[in-house]
Amino acid sequence: MPRTAPRICPLCEATCGLTLTIEGTTVTGARGDRDDVFSRGFICPKGAAFGALDADPDRLRTPLVRRDGRLRRATWEEAYDAIAAAVPTLVREHGAQSVGVVLGNPNVHTMAGALYPPLLVGVLGTRNLFTASTLDQMPKHVSSGLLFGDPFAIPVPDLDRTDFLLLLGANPVESNGSLCTAPDFPGRLKALRARGGTLVVVDPRRTRTARLADRHLAPRPGSDALLLAALAHTLLAEGLSVPGALARHTEGLRELGAALGSFTPEAVAPACDLTAAEIRTLARDLAAAPTAAVYGRIGSCTVEYGTLASWLVDVLNILTGNLDRPGGALFPLPATGPRPRTAGPGRGFALGRWHSRVSGHPEAKSELPIAALAEEIETPGPGRIRALIAIAANPVLSAPDGRRLDAALAGLDFMVSVDPYLNETSRHAHVVLPPPPPSQSAHHDFAFNGFAIRNQVRYTRPAVPLEAGRLDECDIHARLVLAVSGTYGATEPSDVDETAIQSALARETADRRSPLHGADPARLAGLLTGENGPERRLDLMLRLGPYGDLFGAAGLPDGRAEGQPDGQPDGLPDGSAYGSVYGRPDRSEGGLSLERLLAHPHGIDLGPLRPRLPGLLRTRSGRIELLPDPIAAELPRLRAALTGRPAALVLVGRRHLRSNNSWLHNVPALTGGSNRCTLQVHPRDAERIGLADGGRARVTADGGSLEVPVEVTDAVRAGVVSLPHGWGHDRDGTRLAVAAAEPGVNVNQLLDGTRLDPLSGTAVLNGFPVELAPLP
């Protein structure tokens, strides 16, 4: 008989709850979980295809080890023995920097990807860390770090309560949202308008999101920072800036006006290809709204001035008094995040604490630009990357100049790939470690709950037992940590988790600000529950988190009340303990723990987002630093763009609801239809260049040329062409039969990796100049 099981969808940032139908050990169906406390039954095509992805016949089921130049099936012991023989030897002979680590986007969609890579990087001691963040969201981390002192303090729009929403470079109807975790984003936008609110979309394409808007502005791509600067200038110049209670927590308001003095609507309008009147009207409407939120995403991040645009998004939220305000942009408080602390100065955020070896790129958030990976492998000398560990990463398709990186990977001394597929990147590995299908893995969203529009917590155990001969994904990672550290075989994988638990409890009990200061770490560790190490670590984080039970009275050393901190957390009224304020829905059940969470298989609602300033600020001043020095130093470069000559034709990417980067092109149910790799061209540009709908064109840019099919449409503005990313599945040595049948082209091959946002090291993937020519 079929049975059902809950599962949180891992295929995009919306984190919807699913109800899986299972026959034996096979997932035969997936529907939205109507009882899920967050998604309430919403599902998109990706979630509906969960079973097809889970059962993809091209998924690897055993490790692969390279022998005599070919990847061959191997046992797990053989795979880890090969790693243990190679990586520690390379580190001994060439130093820690001879090993690089690449983390792909899927890492943040799994428990293993959240829990173990920090341990891996720590054991290796390498600074050569590259992640998908410098292809996507690093500008937002940098701007938040500079403004608030914490790169993870990213405010999200309060979608369900706002009166006015301004979206820039975001297409959540098709992406399901990003750095804003919101199941049924389209439904929430429709609800905004239904309650009398206003939706304004700024995008060079008439996307499905733009079609829902009250107003759609289509500026020149890459001009987001100029537009936002002009909006801020107008608010300040016309006396429309009313930060309200934020003023006492903010420094730099006066200096900001002088810094933005050049960015008048008249000065900015030609560069944006908008009118000054349109800019002024938008600024005035934003200021007049009862509540408002400004939200920018990948289209405003992966451009030349991505960090400035990300900074100005929050500058506008601050100037209008909408930051940290219901209906505005608020900071989530995830259940596994740190407890609120007393307001006060912190350590601040710094850029460039070290630099890449070859081109001297500054680190940001302990990461180097992934666009620099190829040169770090190719260039001889001390510190050259000789070994690479790629976890859920396919940079050959996602990073600029994939051909160069492809060749560089082939020259590595050793490479490990943790990946379910033999794809364009993992085909170069000496060892491939395949995780099991998602139905056989537990799930908790450590990362995305930090960007959720409502505080909630959910956890699902594996829906299907682990298949014989497979390792759990967390076990795969724990063994990898041991193998690279040289202790594989001498230490049990479970010891990796226990060491992490002991380290966390030692820090907690030594912290004078903690309610557990002075408690016995060993005793506390003995109170943790869970069937395995990852569950015990989750239990620990829940107990220590903002809603946690702090191990009950048994763990408290001096009789303090459960949940009562030393000092006043966040920005709460005096005398309010966070244990009661932050939304425990049923006080009779006590604080959060794994045991309590398991009793709620559809999750626990922790309530709407609440104001958190000034407590979350970690700047050296203890205030919002509105005009930090790195931002001020970057503004002259933006001013120069006012007089620059724009390119005649620029390219932007695009999303599709049935795709997610390069992950899902091997699932038949998600391919075909409008999910195609075509070059969208405006009819006027097509006529001028001599292109025909359904014909072919050659696209040329810094990194080379591509030949692509043409789609003539007025959904893209004149002077702009659009090509989706994540395609290019035409390399030999992969095992992606469905994807290879319709390979498309790799848009990032048009880039040579030299176009970067200098503050964040993020690759410029949107708004770069191209040339077109018709093909027979």
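Q: What should I know about the model before reading on?
A: This is a predicted model, in which local features need pLDDT of at least 70 and side-chain atom pairs count only at pLDDT 80 or more, while totals for chains, interfaces and linings use all residues. Residues are numbered from 1 along each chain as its sequence is written, and side-chain values use heavy atoms, with hydrogens and water left out.

Q: How many helices and strands are there in the protein, and how compact is it for a protein of that length?
A: The protein has 27 helices and 29 strands. Its radius of gyration, taken over C-alpha atoms, is 25 Å, close to the 28 Å that the globule rule gives for 776 residues, so the protein is as compact as a globular protein of that length. The rule is 2.2 Å times the number of residues to the power 0.38. Along the principal axes, the C-alpha atoms fill a box of roughly 70 × 65 × 60 Å.

Q: Which order do the strands β1, β2 and β3 take?
A: They form an open sheet in the order β1-β2-β3, and the pairing is antiparallel. β1 (3–8) and β3 (26–32) each have a single partner strand, so one side of each is left without a neighbour in the sheet. The twist from one strand to the next averages 30°. Between β1 and strand β2 (residues 17–23) there are 6 bridges, and P6 stands opposite T19 in β2.

Q: How do I read a helix crossing, and at what angle do α6 and α15 cross?
A: Angles under 35 degrees count as roughly parallel, over 145 as roughly antiparallel, 65 to 115 as roughly perpendicular and the rest as oblique. The axes of helix α6 (residues 138–148) and helix α15 (residues 306–319) come within 8 Å and cross at roughly 50°, and the two helices are therefore oblique to each other. Their crossing is right-handed. A crossing has this hand if the near helix is turned clockwise from the far one by less than a right angle, and is left-handed if anticlockwise. Among the residues that make the contact are P139 and F148 of α6 and G306 and W311 of α15.

Q: At what angle do α15 and helix α25 (residues 629–640) cross?
A: Their axes come within 10 Å and cross at roughly 115°, so α15 and α25 are roughly perpendicular to each other. The crossing is left-handed. T307, L308 and W311 in α15 meet I631, E634, L635 and L638 in α25.

Q: How far apart are the axes of α10 and α12?
A: The axes of helix α10 (residues 224–237) and helix α12 (residues 265–272) are 9 Å apart, and the helices pack at an angle of about 160°. They are therefore roughly antiparallel to each other, with a left-handed crossing.

Q: Where does D273 lie, and which peptide bond is cis?
A: Most residues other than glycine have a negative phi, and most peptide bonds are trans. D273, in the loop between α12 and α13, has a positive phi near 65°. The peptide bond from L613 to P614 is cis, with omega near 5°, and P614 lies in the loop between β19 (604–608) and β20 (624–625).

Notes. Axes fitted to C-alpha atoms, helices over the stretch in contact; angles between N-to-C directions. Helix = DSSP H or I, 4+ residues; strand = E, 2+ residues; numbered from the N terminus. Contact = heavy atoms within 4.5 Å. Pairing = 2+ DSSP bridges.
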